[in-house]
Amino acid sequence: MDSEPNDDVIVVGSGIAGLTTAVLLAESGRRVRVWTREPAERTTSAVAGGLWWPYRIEPEPLVGAWALESLAVYEELADRPQETGVRLVDGVHHGARLDELGTWAGRVPGLRAVAGGLAARLPVIDMPVHLAWLRQRLEKAGGAVEVREVTGLAAVPAPVVVNCTGLGARRLAPDPAVRPVRGQLVVVENPGVTGWFTSVDHVSAASTYFIPQPGRLLLGGTAEEDDWSLEPDPATAEAIIARCAAVRPEIAGARVLAHRVGLRPARQAVRLERRLLPDGRVLVHDYGHGGAGVTVAWGCAREAAALAYPAS
């Protein structure tokens, strides 16, 4: 069945960008429907480690503002972790330096230099819980999510269409500048690790990080450009466990619960802009968030909502 003609806006995509944008639009009084090829729990967002931090995303000046705006929201949501899936957790970015970061870093509460890197208490988002909470919040505001295939953005029957399709924008926009950066994770029983840790080499396809989530510990990772494979590689998984165990030896004996792969939607710069379709309807693009979709979700959603309905 086609969308009802009284929809104000249809958001295409139910990852973190799509659901957050839909929530803001619905809570502003708009009639909102989300169209998605697959449920939120099967999107790349559901596989994300969930640590707030600008990673593999450009342009930095805009990213900093979007990230800080999102940080403020997550800090509030952390008051209700069971409900929202957001907690504030201490950890260390090994090898990171303040003088190598943008001006946004000076506005992150408690971010400080320690031996070997930077320490901070940052939001860690349990993505399956958070995505379900966003959907419930959307439905409470009168919005709805429909699983349905979109073959072209211009064919979506609403006065305003918001494109939050991530890597799908490569086909739908169409935009060949969107490329996959493959990330593989290993989920293990948590042997008692309470803080997160990252050590990222932006030149290498391999990185080392672990992020505690309720009932599990996420180990990573990889950043393999232009790799479309969604199949976990056993050798890669073994290497991830070994790198993490070199930092925390107790990880070596942790029971493996699952293997996960996600394709980050990388682009030379986030595409967040308003376009008019040939028939005068509005199309807003919000995609290309790379490895930081969670980090910038609320800042980008607010800008996308403002582009969809500019203040008069």
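# Contacts, burial, salt bridges and helix packing

Reader: Which residues does Cys 164 touch, not counting those up to four places away in sequence?

Author: Cys 164 is in contact with Val 11, Val 12, Gly 13, Ala 17, Gly 18, Thr 21 and Asp 286, once residues up to four places away in sequence are set aside. Contact means heavy atoms within 4.5 Å. The model is predicted: local features need pLDDT of at least 70 and side-chain atom pairs count only at pLDDT 80 or more, while totals for chains, interfaces and linings use all residues. Residues are numbered from 1 along each chain as its sequence is written, and side-chain values use heavy atoms, with hydrogens and water left out.

Reader: Where is Cys 164 found, and is Cys 164 buried or exposed?

Author: Cys 164 is in the loop between β7 (160-163) and α6 (169-172). Helices (H or I, at least four residues) and strands (E, at least two) are DSSP runs, numbered from the N terminus. Buried means under 20% relative accessible area, exposed over 50%, and partly exposed in between, with a 1.4 Å probe and protein chains only. Cys 164 has a relative accessible area of 7%, so Cys 164 is buried.

Reader: Why is Ala 292 called buried, and what is Ala 292 in contact with?

Author: The relative accessibility of Ala 292 is 1%, so Ala 292 counts as buried. Ala 292 lies in the loop between β15 (282-287) and α8. Apart from neighbours within four places in sequence, Ala 292 is in contact with Trp 53, Pro 54, Tyr 55 and Ile 57.

Reader: What makes the pair Asp 7 and Arg 33 a salt bridge?

Author: A salt bridge is a side-chain nitrogen of Lys or Arg within 4 Å of a carboxyl oxygen of Asp or Glu. The closest N and O atoms of Asp 7 and Arg 33 are 3.0 Å apart, and the pair forms a salt bridge. Asp 7 counts as buried at 5% relative accessibility, and Arg 33 counts as buried at 12%.

Reader: How do you know whether Arg 121 is buried, partly exposed or exposed?

Author: Arg 121 has a relative accessible area of 46%, so Arg 121 is partly exposed. The side chains of Arg 121 and Asp 90 meet in a salt bridge, at 3.2 Å from N to O. This pair links distant parts of the chain, with Arg 121 in strand β5 (residues 117-125) and Asp 90 in strand β3 (residues 86-94), 31 residues apart. Asp 90 counts as partly exposed at 42% relative accessibility.

Reader: How many salt bridges does the rule give, and what parts does the pair Glu 224 and Arg 182 tie together?

Author: The count comes to 23 salt bridges. In one of them Glu 224 pairs with Arg 182, with the closest N and O atoms 2.6 Å apart. Glu 224 lies in strand β12 (residues 224-225) and Arg 182 in strand β8 (residues 179-188), so the pair ties together parts that are 42 residues apart in sequence. Arg 182 counts as buried at 2% relative accessibility. Elsewhere, salt bridges with shared partners join Asp 7, Arg 33, Glu 146 and Arg 148 into one network.

Reader: What makes α1 parallel, perpendicular or oblique to α8?

Author: Helix α1 (residues 16-27) and helix α8 (residues 293-308) pack at an angle of about 45°, with their axes 8 Å apart. Axes are lines fitted to C-alpha atoms, for helices over the stretch in contact, and angles run from 0 to 180 degrees between N-to-C directions. Angles under 35 degrees count as roughly parallel, over 145 as roughly antiparallel, 65 to 115 as roughly perpendicular and the rest as oblique. The angle therefore makes α1 oblique to α8.

Reader: Why is the description of α3 and α8 what it is?

Author: Helix α3 (residues 60-77) and α8 pack at about 100°, with axes 6 Å apart. That angle makes α3 roughly perpendicular to α8.

Reader: How do α1 and α5 lie to each other?

Author: The axes of α1 and helix α5 (residues 127-140) come within 9 Å and cross at roughly 25°. The two helices are therefore roughly parallel to each other.
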